[in-house]
Amino acid sequence: MSEEKRVQGARDIALDALMQVERANAWSDEGLRRGITRGGLDSRDAALAARIAYGVMQNRMLLDFYIGCWCSQKVARLEPVIRNILRVGAYQILFLDKVPQQAAVSEAVEMTRQHGRPKAAGMVNAILRRIGANREHMPELPHESPEEYLSVRYSHPRWLVRRLLELLGPEEAEEYLHLDNEPVPTCIQTNFLKTDAPHLERELRGAGLNVQAHPWLAGCFLVTGTGDLEKLPAFREGRFMVQDAAARLVSLVAAPGVRSRVLDVCAAPGGKSFALAIDMQDGGEILSCDVYPHKLRLIESGAQRLGIGSVRALLADAREHHAAWDRQADLVVADVPCSGLGIIRKKPDIRYKNPRELAQLPALQRSILENAAGYVRPGGTLVYSTCTILPEENQDVTADFLRAHPDFALERFTLPQPIGPRAGQLTLWPQRFGTDGNNICIVVQHEICCRTTIGCEVVQL
């Protein structure tokens, strides 16, 4: 396949994914997967399509600013398909050195015609040629305030930039925003039920991957040049799973015993349940719940692939009370639905979600945490976690819970350096620890059981 034909196919798939984001508020990765499968792209084509689609999502506000500098209309008023064709073309010109500018312009013009907009072809041609001609001397970004500059420069909504400035200050906020747009190595965890870290590392290097031991998390590796990890024998045969270090730390903080009874109330797709099972040497009992039947199949298939027998998937709404589980679990994990603002670097679309919808999440998180607490046995442990960095979804939720439940108290924990000892709650920031943005809180139930040990009925989870 020629270079031009290959690039054109990737552009089409990327454009389709971007259009689905605008039309249906869909996730770009879902649109990409469908397009790549439908188009039969090989790994190189698929990587380029993903690079363009994610690159546009990561830089959309910046691209729109530059397009607007040479467009007679406001970019927001352009037809969605024209707007996204211009974004795809501008991204290639400004960010992809290996794509010739002339090719990016001419193919954008051709895409405009193919989508039934021949009258707009001249405008697309003129705008992209102006961007290409000024590539080394682009217009200055707005500097009326740090908030406005950072919002445009790193393509994050102003409300989020404002919040980050409040939480971090200007220098660290900019570092956080910068990292959101940078490539992220894939973090994987060794499945010690099937292999050990040295054997896994040798196997992955033999498969052509660039593998580095995680700098401070034993048994984990950072891999690049991965292609499709799921095609590797080591993945198919369950010798590792993909899990960011931040998610891996939930199991380390929880520190379950080998025979623990564990309830994971928001488990899908199962990564935290699997990490717990591996740490427990598959010797305990883990009930992994989710509200969506199709997600239970992900848990079941993942457990089977990893050779885990202690995990059982069950359909259950984490907000609904199940009396049979009351005070039965040694460990309850509530990895609750959240805004996902800590994983923007992996899911760039999140930054564009409606903040009014995100503001409704703390009420849901409080209800799940309240319900989950009832399943903790006296002396047992409750872990609350999110993949966001906002106090409104983290410290505020747990503080309200602790005020209402004096029988629970924060439990100190210690993690590997550079984290070290913590007083029961930790927010992981990408710019500080190199992980996803995440929050982990651990509390212990100190209430004395009203029944004698002999009289306490134990219900099998």
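Select C69 to start: this cysteine is partly exposed, with a relative accessible area of 34% (partly exposed runs between buried, under 20% relative accessible area, and exposed, over 50%, using a 1.4 Å probe and protein chains only). C69 takes part in no disulfide, and the nearest cysteine sulfur, that of C71, is 10 Å away. Now click on C71, which is buried at a relative accessible area of 10%. Its sulfur has C69 as the closest cysteine sulfur, and at 10 Å that is too far for a bond. The count for the structure is 0 disulfides, where a disulfide is a pair of cysteine sulfur atoms within 2.5 Å.

A word on what is on your screen: this is a predicted model, in which local features need pLDDT of at least 70 and side-chain atom pairs count only at pLDDT 80 or more, while totals for chains, interfaces and linings use all residues. Residues are numbered from 1 along each chain as its sequence is written, and side-chain values use heavy atoms, with hydrogens and water left out.

**Zoom out: the whole chain**

Switch to a cartoon view. The chain has 19 helices and 14 strands; these are DSSP runs numbered from the N terminus, with helices being H or I of at least four residues and strands E of at least two. The C-alpha atoms fill a box of roughly 85 × 50 × 40 Å along the principal axes. The radius of gyration is 24 Å, close to the 23 Å that the globule rule gives for 461 residues, so the chain is as compact as a globular protein of that length (the radius is taken over C-alpha atoms, and the rule is 2.2 Å times the number of residues to the power 0.38).

Colour by accessibility next: 54% of the 461 residues count as buried. With a surface drawn, the chain exposes about 20,800 Å², of which carbon and sulfur atoms supply 51% (areas come from the Shrake-Rupley method with a 1.4 Å probe, and for residues only the protein chains shown count as cover).

**The nonpolar cores**

Select L32, I67, L86, V124, L128 and I131. Of the 52 residues in the largest nonpolar core, these touch the most other members. A nonpolar core here is a set of buried Ala, Val, Leu, Ile, Met, Phe, Trp, Tyr and Cys residues joined through side-chain atoms within 4.5 Å. The elements that give two or more residues to this core are α1 (3–24), α2 (28–39), α3 (43–58), α4 (60–69), α5 (80–95), α6 (101–114) and α7 (121–133). Helix α5 gives the most, with 9 residues.

Centre on I67 and show what surrounds it. Leaving aside neighbours within four places in sequence, I67 is in contact with V75, L86, R87, A90, I127 and I131. Apart from this core lies another, of 38 residues, and you can find it by selecting some of its members, among them A313, V333, V383 and F413. In soluble globular proteins, nonpolar side chains tend to be buried together.

**The salt bridges**

A search of the whole structure finds 25 salt bridges, each a side-chain nitrogen of Lys or Arg within 4 Å of a carboxyl oxygen of Asp or Glu. Begin with E22, D64, R83 and R87, which a network of salt bridges links together.

Move on to R239 and E237, whose side chains meet in a salt bridge at 2.6 Å, N to O. R239 is buried at 17% relative accessible area, whereas E237 is partly exposed at 40%.

Then select D244 and R345, paired at 3.8 Å, N to O. D244 lies in the loop between β4 (240–242) and α13 (245–254), and R345 in the loop between β8 (329–335) and α16 (355–358), so the bridge ties together parts that are 101 residues apart in sequence. D244 is buried at 10%, and R345 counts as buried at 11%.

**Last stop: R248**

Where does R248 lie? Follow the cartoon to helix α13 and R248 is there. Its side chain meets that of D279 in a salt bridge at 2.9 Å, N to O. This pair links distant parts of the chain, with D279 in helix α14 (residues 271–279) and R248 in helix α13, 31 residues apart. R248 is buried at 6% relative accessible area, while D279 is partly exposed at 26%. To finish, display what R248 touches, not counting residues up to four places away in sequence: Q189, L217, C220, Q243, A275 and D279.

How values were computed
Contact means heavy atoms within 4.5 Å.
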